[in-house]
Amino acid sequence: MTIEIRQVRTKKERRQFITFAWQVYRSDPELKKHWVPPVISDYMKTLDMDVYPLYDHADLAMFTAWKDGKLSGTIAAVENRRHNEIHEDRVGFWGFFECYNDQAVADALFDAAAGWLRKKGLDTMRGPVSPSMNDQCGMLTNGFDSSPVFLMLYNPPYYNDLVLKAGHRIGQELLAWYIDQKLIDIERLRRISQHVMKREGLSVRVLDMKHFDREIENMREIYNGAWEKNWGFVPMTDREFDCLARSLKPIANPHYVYFVEDRDGRTIGFSLSLPDINQALKHVNGNPLTPWGLIKYLWYKRNITMVRTIVMGVLPEYRNKGIDSILNTWIADYGGRHGVFASEMSWVLKSNEAMSKLAKVIGGRPYKEYVIYEKSI
């Protein structure tokens, strides 16, 4: 038995790196039932150092593992210099890990990533982070019986064992909260919302698509200000935030993006929820822009039954004043009027008691659990 590690260098090899996942998930009926293939063109851009703005301040290496000449696993390693400057540490990241249930192959992949990160002067590896904390992260450890929502990850149950046996430890635990909006006492939530708005002199409005650039600036200010003390958080640069916003613009429903303003019209909080387009992407095999893929995507997109609340941020001086009740009222109200009664709030640090309390108040239950691992290198 021989295991060979190769570093990905060409566009063809990058596509091969991405599409290896199909071999893992299509070979198992249970995995195939729930897995949502990634959009290949999106991953090609995310892993292109000449295109994706993260690499203005980060470096990337991708590795494939070949066992007896057969492609058997993938991993990426990321040095995020901006992270290390802000947090004053020497942490490197790994992500895009896919592997057969083979410990020797997994060990070889982690060794390759660790070796590359050590050469960068780093002393810890953390993951999965694909490729930054502002993208997709976390290894699913509980909740394998349903498909992931948009921009959340799914993986075989045995991945957790592969990572732990490779010497990693649990760094942080993340939760995804499922909210059945039919169980929400919407009248009570409305009363609380109205009381908070009157007391604080606040108003709510939806996303104005005609002034999208201005709206993005409002979001960026709140996002970077509201999340600055969160574990592992790195504020997005202007280029990163613009790239993210423009990638989400085609699927955004303005009535799921809310801004809370004070008496002077200053934005003090916002929430961003997106339709769970994974319900449509599941049927297009990673290629929604081909003629047949687009037809299928548009067909299944008509009956999306769930949204994902990705961000809910409030400026520090307005925290603990009930602003979240206002935002949740608007999300539930609009969803209820349009037949969308399910939402996922994700991801939330398990240690974030305030957000967990909020999720419970509106009838949420933690139905998926994820882990970000760490290992000294």
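**Pockets, cavities and helix contacts**

In this predicted model, the second largest pocket has a lining of 32 residues, and those that lie nearest its centre are Asp324, Asn352, Ala354, Met355 and Leu358. Two or more residues of this lining come from each of helix 7 (186–200), strand 13 (306–314), helix 12 (323–337), strand 14 (342–349) and helix 13 (353–361). Among these elements, strand 13 gives the most to the lining of the second largest pocket, namely 6 residues. The space in this pocket comes to about 870 Å³, and the residues that line the pocket divide by class into 19 nonpolar, 8 polar and 5 charged.

Rolling a probe the size of a water molecule over the atoms shows where empty space is left. In the predicted model, the count of cavities of 30 Å³ or more comes to 2. The largest cavity has a volume of about 90 Å³, and of the 14 residues that line the largest cavity, Asn80, Ser132, Met133, Asn134 and Val234 are the closest to its centre. When the lining of the largest cavity is sorted by class, 7 residues are nonpolar, 6 are polar and 1 is charged.

The second largest cavity holds about 70 Å³ of space. The residues lining the second largest cavity are Ile179, Gln181, Ile184, Thr309, Met312, Asn328, Ile331, Ala332, Ser343, Met345 and Ile362. In the second largest cavity, however, helix 12 gives the most to the lining, with 3 residues, whereas in the second largest pocket strand 13 gives the most. By class, the lining of the second largest cavity consists of 7 nonpolar and 4 polar residues, with no charged residues.

Two helix pairs were then considered. The axes of helix 5 (residues 103–119) and helix 6 (residues 158–165) come within 9 Å and cross at roughly 60°. The crossing in which helix 5 passes helix 6 is right-handed. On the side of helix 5 the contact is made by Gln103, Ala106 and Phe110, and on the side of helix 6 by Asp161, Leu162, Val163 and Lys165. The residues in the contact of helix 5 with helix 6 comprise 4 nonpolar, 1 polar and 2 charged.

In the second pair, helix 8 (residues 212–226) and helix 9 (residues 238–248), the axes come within 10 Å and cross at roughly 120°, which makes helix 8 oblique to helix 9. The crossing of helix 8 and helix 9 is right-handed. From helix 8, the residues Phe212, Asp213, Ile216, Met219, Arg220 and Tyr223 meet Asp238, Phe241, Asp242, Ala245 and Arg246 from helix 9. Sorted by class, the contact of helix 8 with helix 9 has 6 nonpolar and 5 charged residues, and no polar residues.

Technical notes:
Residues are numbered from 1 along each chain as its sequence is written. This is a predicted model: local features need pLDDT of at least 70, side-chain atom pairs count only at pLDDT 80 or more; totals for chains, interfaces and linings use all residues. Side-chain values use heavy atoms; hydrogens and water are left out. On a 1 Å grid over the protein atoms alone, a cavity is a set of points where a 1.4 Å probe fits but cannot get out, and a pocket is an open set with protein on both sides within 12 Å along at least five of seven lines; lining residues have an atom within 4 Å of a point. Grid points are joined across faces, edges and corners, and a volume is the space filled by probe spheres set on the points. Helices (H or I, at least four residues) and strands (E, at least two) are DSSP runs, numbered from the N terminus. Ala, Val, Leu, Ile, Met, Phe, Trp, Tyr, Cys and Pro count as nonpolar, Asp, Glu, Lys and Arg as charged, and the others, Gly among them, as polar. Axes are lines fitted to C-alpha atoms, for helices over the stretch in contact, and angles run from 0 to 180 degrees between N-to-C directions. A crossing is left-handed if the near helix is turned anticlockwise from the far one by less than a right angle, and right-handed if clockwise. Contact means heavy atoms within 4.5 Å. Angles under 35 degrees count as roughly parallel, over 145 as roughly antiparallel, 65 to 115 as roughly perpendicular and the rest as oblique.
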